[in-house]
Amino acid sequence: MQQKFSLRKIKKKNRKNPDERHVLLNEIALTRTALDTAISNFENVIDPDLIDCYIYQLNSEEKRYKYLLKQAKEFKINEPELLIPRLR
């Protein structure tokens, strides 16, 4: 079962609050894990209805990941191990 995560919207660009930075980095890591899980589920499913379900889940996780990376860029976070997508 997938968990729901929330991220406080970062209202000001270039804000240096360490708590918000930590939350954002944590959200990126959690989203990457959810994205990896969605990819794995999609690759292992056979039922046509579940294939559709995992396609939607995969698209959703990809959009969330891109959004978080955009927020990290605006927040001036440059941590390559979190920002570079993992290759299989």
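## Threonine 31

Threonine 31 counts as buried because its relative accessibility is 1%. Buried means under 20% relative accessible area, exposed means over 50%, and partly exposed lies in between (1.4 Å probe, protein chains only). Threonine 31 is found in helix H1, residues 18–44. Leaving aside neighbours within four places in sequence, threonine 31 is in contact with Glu61, Arg64, Tyr65 and Leu68. Contact here means heavy atoms within 4.5 Å.

This is a predicted model: local features need pLDDT of at least 70, side-chain atom pairs count only at pLDDT 80 or more, and totals for chains, interfaces and linings use all residues. Residues are numbered from 1 along each chain as its sequence is written, and side-chain values use heavy atoms, with hydrogens and water left out.

## Overall fold

The chain has 3 helices and 0 strands. From the N terminus on, its elements run α-α-α. Helices (H or I, at least four residues) and strands (E, at least two) are DSSP runs, numbered from the N terminus.

The chain has 88 residues, and 27% of them are buried. Among contacts with a separation of 6 or more, 65% join residues 24 or more positions apart. The chain exposes about 6800 Å², and carbon and sulfur atoms supply 55% of that area. Accessible areas come from the Shrake-Rupley method with a 1.4 Å probe; for residues, only the protein chains shown count as cover.

## The nonpolar core

Which residues make up the largest nonpolar core? There are 11 in all: Leu24, Leu25, Ile28, Leu35, Ala38, Leu58, Tyr65, Leu68, Ala72, Phe75 and Ile77. H1 and helix H2 (48–74) each supply at least two residues of this core. H1 gives the most, with 5 residues. A nonpolar core is a set of buried Ala, Val, Leu, Ile, Met, Phe, Trp, Tyr and Cys residues joined through side-chain atoms within 4.5 Å.

Leucine 35 is one of the core residues and lies in helix H1. Leucine 35 counts as buried because its relative accessibility is 13%. Not counting residues up to four places away in sequence, leucine 35 touches Leu58, Glu61, Glu62 and Tyr65. The C-alpha atoms of leucine 35 and glutamate 62 are separated by 6.7 Å, although the two are 27 residues apart along the chain.

## Helix H2

H2 has 27 residues, so at 1.5 Å a residue it should span 39 Å; its end C-alpha atoms are 39 Å apart, which agrees. The expected span is 1.5 Å times one less than the number of residues. At the start of H2, a side-chain oxygen of aspartate 47 reaches to within 2.9 Å of the backbone nitrogen of aspartate 49. After H2 comes lysine 76, whose phi is positive, near 60°.

The buried residues of H2 are Tyr54, Gln57, Leu58, Glu61, Tyr65, Leu68, Gln71 and Ala72. An α-helix has 3.6 residues a turn, so residues three or four places apart point the same way. Glutamine 57 counts as buried because its relative accessibility is 17%. The C-alpha atoms of glutamine 57 and asparagine 41 are separated by 9.7 Å, and the two residues are 16 apart along the chain.

## The salt bridge

How many salt bridges does the structure hold? There is 1. The side chains of arginine 64 and glutamate 27 meet in it, at 2.6 Å, N to O. This pair links distant parts of the chain: arginine 64 sits in helix H2 and glutamate 27 in helix H1, 37 residues apart. A salt bridge is a side-chain nitrogen of Lys or Arg within 4 Å of a carboxyl oxygen of Asp or Glu. Side chains of opposite charge can pair when their charged atoms come close.

The partners differ in cover. Arginine 64 counts as partly exposed, because its relative accessibility is 24%. Glutamate 27 counts as buried, because its relative accessibility is 5%.

Note on methods: A polar contact is a pair of N or O atoms within 3.5 Å; within protein, one must be able to donate a hydrogen and the other to accept it, and residues adjacent in sequence count only if both atoms are side-chain atoms.
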